[in-house]
Amino acid sequence: MASPSAQEFVAALRRVEEEGDVEAMAAVAADDARLANPTDRTPHRGPDGARRFWGAYRKSFESIRSHFHAVLESDTRIMLEWTSDCRTAAGVNTAYDGVSVVETQGGKIVRFNAYFDPMALSAHVPLSAMASAPLADAPPQDEGGVRGPSDRGGQPDQQAHAGTSAPTNTQPNA
């Protein structure tokens with residue numbers, strides 16, 4: 001069975017964004033799939049987790065449309081660089097950028113991670129509204145002692161966050 005292509009993934013995402021229909025995403029999620037983004041304390045698992053993940057994503061916005069700048073695809077991986085133009089549930093127009101990494105096996109998505117700066121949205125969308133996992137139910141740390149969606153056998157996710165370091169003050173104090 002062929003794994004979902006980038007084009008099929010984007011088509012399923014369009015159904016989520018335009019119609020609020022999460023079933024296309026649930027249908028391509030493996031039973032042991034793991035889905036996460038920076039607002040989640042723990043990954044969502046399986047088709048039911050995909051429904052919760054994509055449902056919470058869509059409910060965070062009155063409208064949203066993602067535009068893809070770069071798409072890289074192999075037999076088992078898809079990487080999408082994107083900008084999402086959106087109107088938040090509070091009625092504020094904004095946009096944010098990110099990268100999504102999709103891993104596939106046996107015709108299904110086994111891992112989905114979206115990487116973006118949640119602070120780019122937090123002024124417009126409360127992070128608790130974007131989180132698709134109840135924070136109270138999340139364990140404080142994963143098996144590797146690392147907070148977040150690490151699924152590398154206890155190794156922390158390696159994420160590059162360009163432009164997130166604090167500026168260095170090179171001016172002498174007055």
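**Close-up 1. Helices α1 and α3 are oblique to each other.** This view comes from a predicted model, as do the others below. Helix α1 spans residues 6-19 and helix α3 spans residues 46-59. Their axes come within 9 Å and cross at roughly 55°, an angle that is therefore classed as oblique. On the α1 side you will find Phe9, Leu13, Val16 and Glu17, and these meet Trp54, Tyr57 and Arg58 of α3. Sorted by class, the contact has 5 nonpolar and 2 charged residues, with no polar ones.

**Close-up 2. Tyr57 and its neighbours.** Here we zoom in on Tyr57, a residue of α3 that takes part in the contact with α1. Leaving aside residues up to four places away in sequence, Tyr57 touches Leu13, Val16 and Glu17, and also Ile64, Ser66, Ser84 and Tyr96.

**Close-up 3. The largest nonpolar core has 31 residues.** Helix α1 gives the most, with 6 residues. As a reminder, nonpolar side chains in soluble globular proteins tend to be buried together.

**Close-up 4. Asp21 pairs with Arg15 in a salt bridge.** The closest N and O atoms of Asp21 and Arg15 are 2.3 Å apart. Asp21 is buried, at 19% relative accessible area, whereas Arg15 is partly exposed, at 36%.

**Close-up 5. Asp48 and Arg51 form a salt bridge within helix α3.** Their side chains meet at 2.7 Å, N to O. Why does about one helical turn separate Asp48 and Arg51? The two are 3 residues apart in helix α3, so the separation comes to about one turn. Arg51 is partly exposed, with a relative accessible area of 30%. Look for Glu23 in this view too: salt bridges that share partners join Glu23, Asp48 and Arg51 into one network.

**Close-up 6. Arg111 and Glu103 meet in a salt bridge.** Is Arg111 buried or exposed? Arg111 is buried, with a relative accessible area of 6%. The N to O distance between the side chains of Arg111 and Glu103 is 2.8 Å.

How values were computed:
Residues are numbered from 1 along each chain as its sequence is written. This is a predicted model: local features need pLDDT of at least 70, side-chain atom pairs count only at pLDDT 80 or more; totals for chains, interfaces and linings use all residues. Side-chain values use heavy atoms; hydrogens and water are left out. Axes are lines fitted to C-alpha atoms, for helices over the stretch in contact, and angles run from 0 to 180 degrees between N-to-C directions. Helices (H or I, at least four residues) and strands (E, at least two) are DSSP runs, numbered from the N terminus. Angles under 35 degrees count as roughly parallel, over 145 as roughly antiparallel, 65 to 115 as roughly perpendicular and the rest as oblique. Contact means heavy atoms within 4.5 Å. Ala, Val, Leu, Ile, Met, Phe, Trp, Tyr, Cys and Pro count as nonpolar, Asp, Glu, Lys and Arg as charged, and the others, Gly among them, as polar. A nonpolar core is a set of buried Ala, Val, Leu, Ile, Met, Phe, Trp, Tyr and Cys residues joined through side-chain atoms within 4.5 Å. Buried means under 20% relative accessible area, exposed over 50%, partly exposed in between (1.4 Å probe, protein chains only). A salt bridge is a side-chain nitrogen of Lys or Arg within 4 Å of a carboxyl oxygen of Asp or Glu.
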